[in-house]
2 protein chains.
Amino acid sequence: MSETAGIPSNRFRSIIERVEKLEEEIKELNEAKKEIFLEAKGDGLDVKILKEIIKLCKQDQDERDEHETLLDVYLRAIDAPTPAPSAQAA
Amino acid sequence: MSETAGIPSNRFRSIIERVEKLEEEIKELNEAKKEIFLEAKGDGLDVKILKEIIKLCKQDQDERDEHETLLDVYLRAIDAPTPAPSAQAA
């Protein structure tokens, strides 16, 4: 029996075929997911927001709170006026 | 029944649950794929090369030939000495 890097060729082929089968299944599931989003879009839902909701559903409440707090802190930091040089002098 | 953007909440929940179920299945398949690569690595195969082989198997012969030709042309372009100014004058 022929070999590839010391691996019998049927063993080598089996590895490749198993990966290919899994990739095919993943592709099909991704297409099914795309279909659901198209359907939701047809219902008038905003797909971008829907994806965000699904992501949020995966986080627990603590993670969500921390995320919210950090967003808030960073947004405030952008909005905050930089201290004027005179203010530092006063 | 409550609504979200004019969509009944059970319909909205069904969309989210279907996507979550698909994502769970995709995650499991990706883990199975990772397992196969670990197994292959255990057999002494180079996983990076194996992934390249799987990618090549998906292409047809024409695509592979074109890819090879372009790689060759570009590599030669890098190796080729830039024409000296005197050569242009001659």
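For the complex, the predictor reports an ipTM of 0.70 together with a pTM of 0.71. Chain A has a mean pLDDT of 86, with 86% of its residues at 70 or more. Among the elements of chain A, helix α1 (residues 9-42) has the highest mean pLDDT, 95, whereas helix α4 (residues 85-89) of chain A has the lowest, 54. Where pLDDT is low, the predicted coordinates should not be read in detail.

Chain B is superposed on chain A by a rotation of 180° with 0.0 Å of shift along the axis, at an RMSD of 0.1 Å. The two copies are therefore related as by a two-fold rotation axis. Within chain B, B:I26 has the C-alpha nearest this axis, at 2.8 Å from it. The interface fits this picture: 100% of the interface residues of chain B are also interface residues in chain A, so the copies meet through the same surface.

As for the extent of that surface, 29 residues of chain B are in contact with 29 residues of chain A. Between them the two chains bury about 2900 Å², of which 73% lies on carbon and sulfur atoms. On the side of chain B, the residues losing the most area to chain A are B:L22, B:L29 and B:I36, which together account for 19% of what that side buries.

Charged groups also take part in the interface, with a count of 10 salt bridges between chain B and chain A. One of these pairs B:E23 with A:K58, whose closest N and O atoms are 2.6 Å apart. In chain B, the elements giving two or more residues to the side that touches chain A are α1 (9-42) and α2 (47-58). The largest share, 19 residues, comes from α1(B). Sorted by class, this side of chain B comprises 18 nonpolar, two polar and nine charged residues.

Terms used: Residues numbered from 1 in each chain as written. Chains lettered and ligands numbered in written order. Predicted model: local features only at pLDDT ≥ 70, side-chain atom pairs only at ≥ 80, totals over all residues. Heavy atoms only, no water. Least-squares fit on C-alpha atoms with pLDDT ≥ 70 in both. Contact = heavy atoms within 4.5 Å. Buried area = accessible area lost by both parts, 1.4 Å probe. Salt bridge = Lys/Arg side-chain N within 4 Å of Asp/Glu carboxyl O. Helix = DSSP H or I, 4+ residues; strand = E, 2+ residues; numbered from the N terminus. Nonpolar A, V, L, I, M, F, W, Y, C, P; charged D, E, K, R; others polar. pLDDT = per-residue confidence, 0-100.
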